[in-house]
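Subject: Structure for you to look over

Hello,

Here is the structure I promised. Please open it alongside this message; my notes follow below.

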Amino acid sequence: MRGTLDYTGGTTVSEGVLAVSGSIPGSVTVKPGGTFSQYSIADASNISLEGTGRSQHATFAPGSGVQNQLQLDNIGDTLSPGLGYIANATFTSSQNWSAFTYQWDEDSSLGGSDQITIEGAFSLPGGAAIA
């Protein structure tokens, strides 16, 4: 989807991929088997992944700037910048993550890999689970 979406309420991705380039209103919830892919800034108020364990992944694949609070609190929550291409995902708001899976892309011919930059405060409590 491209451009500004003008419906009200939240968005739920239950399975498959929802790719957005533009603005999406409200919050976004990603269920196991679903992927929310953002190619440019998507102005969702909150992005919540509801993965459950190692085999039931809910994935967020940012392509660039992220202005949202991202909820990562289960090892089934997967953060995958770029989703098949090298990306630098920059989070401009503070983040507090406690458990997640980080899935990155790497291209040795280009000499690069996915990166994450967090410009606000970042909290990753002791004992956090990262796979």
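Start at Gly-33, in the loop between β4 and β5. Bear in mind throughout that this is a predicted model. Gly-33 is partly exposed, at 48% relative accessible area. Not counting residues up to four places away in sequence, Gly-33 touches Ser-14, Glu-15, Gly-16 and His-57. Take Gly-16 from that list: Gly-33 and Gly-16 are 17 residues apart in sequence, yet their C-alpha atoms are 6.6 Å apart.

Now step to Thr-35, in strand β5. Is Thr-35 buried or exposed? With a relative accessible area of 11%, under the 20% cut-off, Thr-35 is buried. Leaving out residues up to four places away in sequence, Thr-35 touches Val-13, Gly-16, Val-17, Leu-18, Val-30, Thr-59, Ala-61 and Leu-83. Gly-16 therefore turns up in the contact lists of both Gly-33 and Thr-35. Thr-78 is 43 residues from Thr-35 in sequence and 9.1 Å from it in space, C-alpha to C-alpha.

The largest nonpolar core has 19 residues. Those with the most contacts inside this core are Phe-36, Phe-60, Leu-70, Leu-79 and Phe-91. Elements giving two or more residues to it are β3 (16–23), β4 (28–30), β6 (46–49), β7 (58–62) and β11 (88–91).

Which residues does Leu-79 contact, leaving aside neighbours within four places in sequence? They are Phe-60, Pro-62, Leu-70, Leu-72, Phe-91, Trp-97, Phe-100, Thr-101, Tyr-102, Gln-103 and Ile-116.

On to the rings. A search of the whole structure finds 5 aromatic pairs. Phe-36 and Phe-60 make a stacked one, with 5.7 Å between centres and 20 degrees between planes. That pair links distant parts of the chain: Phe-36 sits in strand β5 (residues 34–38) and Phe-60 in strand β7, 24 residues apart. Both Phe-36 and Phe-60 are buried. Tyr-102 and Trp-104 have ring centres 5.7 Å apart and planes at 25 degrees, so that pair is stacked too. Separately, Phe-91, Trp-97, Phe-100 and Phe-122 form one aromatic cluster.

There is an open sheet to check as well. Three strands form it in the order β8-β11-β16, and the pairing is parallel. Why is one side of β8 and of β16 left without a neighbour in the sheet? Because β8 (65–66) and β16 (115–118) stand at the edges, each with a single partner strand. β11 and β16 run parallel and are joined by 4 bridges. Across from Ile-116 in β16 stands Ala-89. Ile-116 is also one of the contacts of Leu-79.

Last, the whole chain. How many helices and strands are there? The count is 0 helices and 18 strands. The radius of gyration is 14 Å, close to the 14 Å that the globule rule gives for 131 residues, so the chain is as compact as a globular protein of that length. Its C-alpha atoms fill a box of roughly 40 × 35 × 30 Å along the principal axes. Of the 131 residues, 40% count as buried. Among contacts between residues at least 6 apart in sequence, 44% join residues at least 24 apart. The accessible surface comes to about 6300 Å², with 48% of it belonging to carbon and sulfur atoms.

Best wishes

How values were computed
Residues numbered from 1 in each chain as written. Predicted model: local features only at pLDDT ≥ 70, side-chain atom pairs only at ≥ 80, totals over all residues. Heavy atoms only, no water. Core = buried A, V, L, I, M, F, W, Y, C linked by side-chain atoms within 4.5 Å. Buried < 20%, exposed > 50% of the residue type's maximum accessible area, 1.4 Å probe, protein only. Contact = heavy atoms within 4.5 Å. Phe/Tyr/Trp six-rings, centres within 6.5 Å; stacked < 30°, edge-to-face > 60°. Pairing = 2+ DSSP bridges. Rg over C-alpha atoms; globule rule 2.2 N^0.38 Å. Areas by Shrake-Rupley, 256 points an atom, 1.4 Å probe, with all protein chains shown as cover.
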